Amino acid sequence: MFKKILIAAGFALTLVGCASTVPMATPEKDAQAKQFIAKPGVAGVYVYRNESFGKAVKLPLEIDGKTIGQTGYKTYFYTEVAPGSHKVTTRAENTTELTLDAIAGKLYFIWQEVKMGVWA
């Protein structure tokens with residue numbers, strides 16, 4: 001009986017580990033994004049997670065109502081936006097929104113973190 005419980009627990013932990021993976025950029029695109037060079041005509045937006053809490057939680061990202069990707073434990077997401085006002089949204093147990101007034105040629109860094117909730 002104890003052996004069955006141990007095997008089931010190990011399987012559950014394996015599934016949790018799989019839940020934390022998000023699609024990653026190629027090593028070349030990752031290195032390019034980490035040069036932190038602002039392109040003329042657009043604003044660069046980095047959304048990053050560096051906390052150690054919430055390893056199994058993926059957080060979806062939206063800009064102006066359009067899903068652009070997800071962040072996972074100790075990852076970042078990079079995208080470029082046109083100059084002007086943009087609404088950056090993430091959804092978990094609650095919805096969090098940030099208004100970004102983007103200026104062409106500038107870089108923006110948004111820290112995203114997981115907080116303990118009632119349901120997740």
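**View 1. The surroundings of Thr71.** Leaving aside residues up to four places away in sequence, Thr71 touches Val22, Val47, Arg49, Val57, Lys58, Leu59, Leu61, Phe77 and Gln112, where contact means heavy atoms within 4.5 Å. This is a predicted model, in which local features need pLDDT of at least 70, side-chain atom pairs count only at pLDDT 80 or more, and totals for chains, interfaces and linings use all residues. Residues are numbered from 1 along each chain as its sequence is written, and side-chain values use heavy atoms, with hydrogens and water left out. You will find Thr71 in strand S3 (residues 66-71); helices (H or I, at least four residues) and strands (E, at least two) are DSSP runs, numbered from the N terminus. Thr71 counts as buried, at 0% relative accessibility (buried is under 20% relative accessible area, exposed over 50%, partly exposed in between, with a 1.4 Å probe and protein chains only). Its side chain makes a polar contact with the side chain of Gln112, at 2.3 Å. A polar contact is a pair of N or O atoms within 3.5 Å; within protein, one must be able to donate a hydrogen and the other to accept it, and residues adjacent in sequence count only if both atoms are side-chain atoms.

**View 2. An open sheet of three strands.** The strand order is S4-S1-S7, with mixed pairing; two strands pair if DSSP finds at least two bridges between them. At the edges stand S4 and strand S7 (107-111), each with a single partner strand, so one side of each has no neighbour in the sheet. S1 and S4 run antiparallel and are joined by six bridges. Look for Gly44, which stands opposite Glu80 in S4.

**View 3. A cluster of aromatic rings.** Ring pairs link Phe36, Tyr46, Tyr76, Tyr78 and Phe109 into a cluster. Rings of Phe, Tyr and Trp (its six-membered ring) pair if their centres lie within 6.5 Å; planes under 30 degrees apart count as stacked, over 60 as edge-to-face and the rest as tilted. The count comes to five aromatic pairs.

**View 4. Tyr46 and its partners in S4.** The rings of Tyr46 and Tyr76 have centres 6.1 Å apart and planes at 40°, so this pair is tilted. Tyr46 lies in strand S1 (residues 43-48) and Tyr76 in strand S4 (residues 76-81), so the pair ties together parts 30 residues apart in sequence. Tyr46 is buried at 5% relative accessibility, whereas Tyr76 is partly exposed at 27%. Tyr46 also forms a tilted pair with Tyr78, 4.5 Å centre to centre and with 50° between the planes.
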